[in-house]
Amino acid sequence: MTHHDEEFAALRATIRERGTVRMVLLPIAFGLWGGAAIATTAAIQLPIGALLPLLVLAAGFEAIYALHINVERIGRYLQVFHEPDGGWEHTAMTFGQRFPGRGPDALFSNLFLVATALNYLPVALGGTTSELIVGGVLHLVLAFHIGTARSRASKQRAQDLERFQAIKTA
């Protein structure tokens, strides 16, 4: 097995492993979020208690987002440097271009947006005006970040492909 073949095998294994981690991380993140929400509601009983669970949601989303971005980047590297004449990465990218929106949401963004809205409920149900505003802004910041991350991720394949092709020809 050549170094080129070993690199290809290692990177495909990395994609597979990170894809699996992303799927396992989702229920863990939501379990931790639920636990934090219950614990802070029981212990603090103030709308400000929604901030710790919000932080857990943000951290879970960031971890899944980072895994996704890196898997896609590795895929474009493989496409340019290991599959110049075609292969899985070319086919997957062509499929995505021809049939946009036909795959699952790799970032689970809709689930995180719903959880963010649910996390705001304790604030909305019992917060003072300042808590409503501060809590609302912080929840909106996360929701906005989730939306912009989804938008950036949807453009990443084409951008990374272009960047790796430029590196290869340089």
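Me: Leaving aside neighbours within four places in sequence, which residues is Arg 150 in contact with?

Reply: You're looking at a predicted model, where local features need pLDDT of at least 70, side-chain atom pairs count only at pLDDT 80 or more, and totals for chains, interfaces and linings use all residues. Residues are numbered from 1 along each chain as its sequence is written, and side-chain values use heavy atoms, with hydrogens and water left out. Contact means heavy atoms within 4.5 Å. With those neighbours skipped, Arg 150 touches Asp 105, Leu 107, Ser 109 and Asn 110.

Me: And how far apart are the C-alpha atoms of Arg 150 and Asp 105?

Reply: Arg 150 sits in helix 6, with helices (H or I, at least four residues) and strands (E, at least two) taken as DSSP runs numbered from the N terminus. Along the chain, Arg 150 and Asp 105 are 45 residues apart. Their C-alpha atoms are separated by 8.8 Å.

Me: Is Ser 109 buried or exposed?

Reply: Ser 109 belongs to helix 4 and touches Ile 146 and Arg 150, not counting residues up to four places away in sequence. Buried means under 20% relative accessible area, exposed over 50%, and partly exposed in between (1.4 Å probe, protein chains only). Arg 150, at 38%, counts as partly exposed. Ser 109 has a value of 1%, so it is buried.

Me: At roughly what angle do the axes of helix 4 and helix 6 cross?

Reply: Axes are lines fitted to C-alpha atoms, for helices over the stretch in contact, and angles run from 0 to 180 degrees between N-to-C directions. The axes of helix 4 and helix 6 come within 10 Å. They cross at roughly 175°.

Me: Does that make helix 4 roughly parallel or antiparallel to helix 6?

Reply: Angles under 35 degrees count as roughly parallel, over 145 as roughly antiparallel, 65 to 115 as roughly perpendicular, and the rest as oblique. The crossing angle therefore makes helix 4, relative to helix 6, roughly antiparallel.

Me: How many residues of the contact of helix 4 with helix 6 are charged?

Reply: Helix 4 brings Ser 109, Asn 110, Phe 112, Leu 113, Thr 116 and Asn 119, while helix 6 brings His 139, Leu 142, Ala 143, Ile 146 and Arg 150. Ala, Val, Leu, Ile, Met, Phe, Trp, Tyr, Cys and Pro count as nonpolar, Asp, Glu, Lys and Arg as charged, and the others, Gly among them, as polar. The contact has five nonpolar residues and five polar ones, and the number of charged ones is one.

Me: Where in helix 6 is the kink centred?

Reply: Helix 6 covers residues 129–169 and reaches 58 Å from its first C-alpha to its last, close to the expected 60 Å (1.5 Å times one less than its number of residues). A bend is the angle between axes fitted to the seven residues ending at a residue and the seven starting there. In helix 6 there is a kink of about 45°, centred on Gln 156.

Me: What is the phi of Phe 108?

Reply: Phe 108 lies in the loop between helix 3 and helix 4, and it counts as buried because its relative accessibility is 13%. Most residues other than glycine have a negative phi. Phe 108 is not a glycine, yet its phi is positive, at about 55°.
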